[in-house]
Amino acid sequence: MPSGAFLLNPGLDVEYLRTTYRRTRRVRIAGFLAGDGPERLLADLMARTDWRQVLNSNDKSFELDRATRDAMSVAQRDALDVAVHRGAVDGFQYRYETVRVPDGLRARDESPDLPTQFASWLSSPTPMAVLRTITGADDTRFVDAQATAYAPGDFLTAHDDAVAGKDRRAAYVFGLNPRWRAEWGGVLLFHGPEGAVEGLVPDFNTLDLLAVPQPHSVSYVAPSAPAKRYSITGWLRAQDQPD
């Protein structure tokens with residue numbers, strides 16, 4: 001990763017963030033980065049053409065690149081919408097766009113890709129020390145990542161991120177949305193007992209940390225949303241980073 005590509009905000013109150021996280025099992029870190037890193041990341045994501053839409057049907061996942069979607073007829077798109085919405089009635093369902101970041105050290109070192117550089121920086125000693133302090137997950141070894149874009153009609157139903165063999169200690173969402181309203185959807189929702197729900201509206205240069213496991217979802221992005229909900233997301237992993 002180029003030296004100085006990203007800079008942690010030196011004014012973060014790490015003790016306050018640690019206390020909040022330990023009490024609630026989640027915390028929003030406003031102004032996570034200093035410098036122009038968030039602006040460069042957002043510009044990169046908005047300009048990309050290699051996004052792939054990911055969605056599922058029961059336990060099977062599917063990916064569609066933009067060329068494939070552009071070639072679909074109106075009837076095919078409508079049928080896909082119906083299938084996705086039907087899957088959300090009772091089961092786990094998602095639809096959004098992604099650009100994946102490799103886990104491996106060598107692949108990251110050789111990549112000029114900005115989201116990959118951000119993931120490498122998050123896994124470097126100084127940011128990693130802060131993340132370990134806040135979460136208490138001292139066995140975290142590296143941070144994985146993907147860029148995500150939620151367009152109108154996209155969503156992610158409730159899940160808790162606990163996957164056998166992944167050793168996920170905490171999830172994160174690095175928000176890249178300079179202007180967003182709660183009414184536009186795309187809200188990170190935390191599901192509590194007896195139907196209680198708390199939400200965080202997408203924001204800019206914020207890092208949301210949440211302990212794993214913890215039920216949460218991303219609400220349906222409304223047709224009124226004038227832009228996509230951009231973020232970089234992933235997990236703090238308690239296993240050695242692949243070569």
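Colleague: What should I know about the model before I start reading?

Modeller: This is a predicted model, in which local features need pLDDT of at least 70 and side-chain atom pairs count only at pLDDT 80 or more, while totals for chains, interfaces and linings use all residues. Residues are numbered from 1 along each chain as its sequence is written, and side-chain values use heavy atoms, with hydrogens and water left out.

Colleague: Which residues of helix H7 are buried?

Modeller: Buried means under 20% relative accessible area, exposed over 50%, and partly exposed in between, with a 1.4 Å probe and protein chains only; helices (H or I, at least four residues) and strands (E, at least two) are DSSP runs, numbered from the N terminus. In H7, which spans residues 125-135, the buried residues are Pro127, Met128, Val130, Leu131, Ile134 and Thr135. They lie on the same side of H7, because they cover an arc of only 160° around the axis, the arc being that of the directions from the helix axis to the C-beta atoms. The face turned away from that buried side carries the exposed residues Pro125 and Thr126, and just after H7 comes Gly136 with a positive phi of about 75°.

Colleague: How many salt bridges does a search of the whole structure find?

Modeller: A salt bridge is a side-chain nitrogen of Lys or Arg within 4 Å of a carboxyl oxygen of Asp or Glu, and the search finds 18 of them. In one, the side chains of Asp113 and Arg48 meet at 2.7 Å, N to O. Asp113 lies in the loop between helix H5 (105-110) and helix H6 (114-122), and Arg48 in the loop between helix H2 (37-47) and strand E4 (52-57), so the pair ties together parts that are 65 residues apart in sequence. Both Asp113 and Arg48 are buried.

Colleague: Which elements does the salt bridge between Arg69 and Glu97 tie together?

Modeller: The closest N and O atoms of Arg69 and Glu97 are 2.6 Å apart. Arg69 lies in helix H3 and Glu97 in strand E6, so this pair ties together parts that are 28 residues apart in sequence. Arg69 counts as buried at 16% relative accessibility, and Glu97 is buried with a relative accessible area of 2%. Arg66 also meets Glu97 in a salt bridge, at 3.0 Å, N to O, although Arg66, at 24% relative accessibility, counts as partly exposed.

Colleague: What lines the largest cavity?

Modeller: Rolling a probe the size of a water molecule over the atoms shows where empty space is left. On a 1 Å grid over the protein atoms alone, a cavity is a set of points where a 1.4 Å probe fits but cannot get out, and lining residues have an atom within 4 Å of a point. The structure holds 1 cavity of 30 Å³ or more, and about 70 Å³ of space lies in the largest cavity, a volume being the space filled by probe spheres set on the points, which are joined across faces, edges and corners. Its lining has 14 residues, of which Arg28, Val173, Pro202, Asp208 and Arg229 lie nearest the centre. Strand E15 gives the most, with 3 residues.

Colleague: Where does Arg141 lie?

Modeller: Arg141 lies in the loop between H7 and strand E7 (142-143), and at 41% relative accessibility Arg141 counts as partly exposed.

Definitions and conventions: 1 Å grid on protein atoms, 1.4 Å probe; cavity = no way out; pocket = protein on both sides within 12 Å on 5 of 7 lines; lining within 4 Å.
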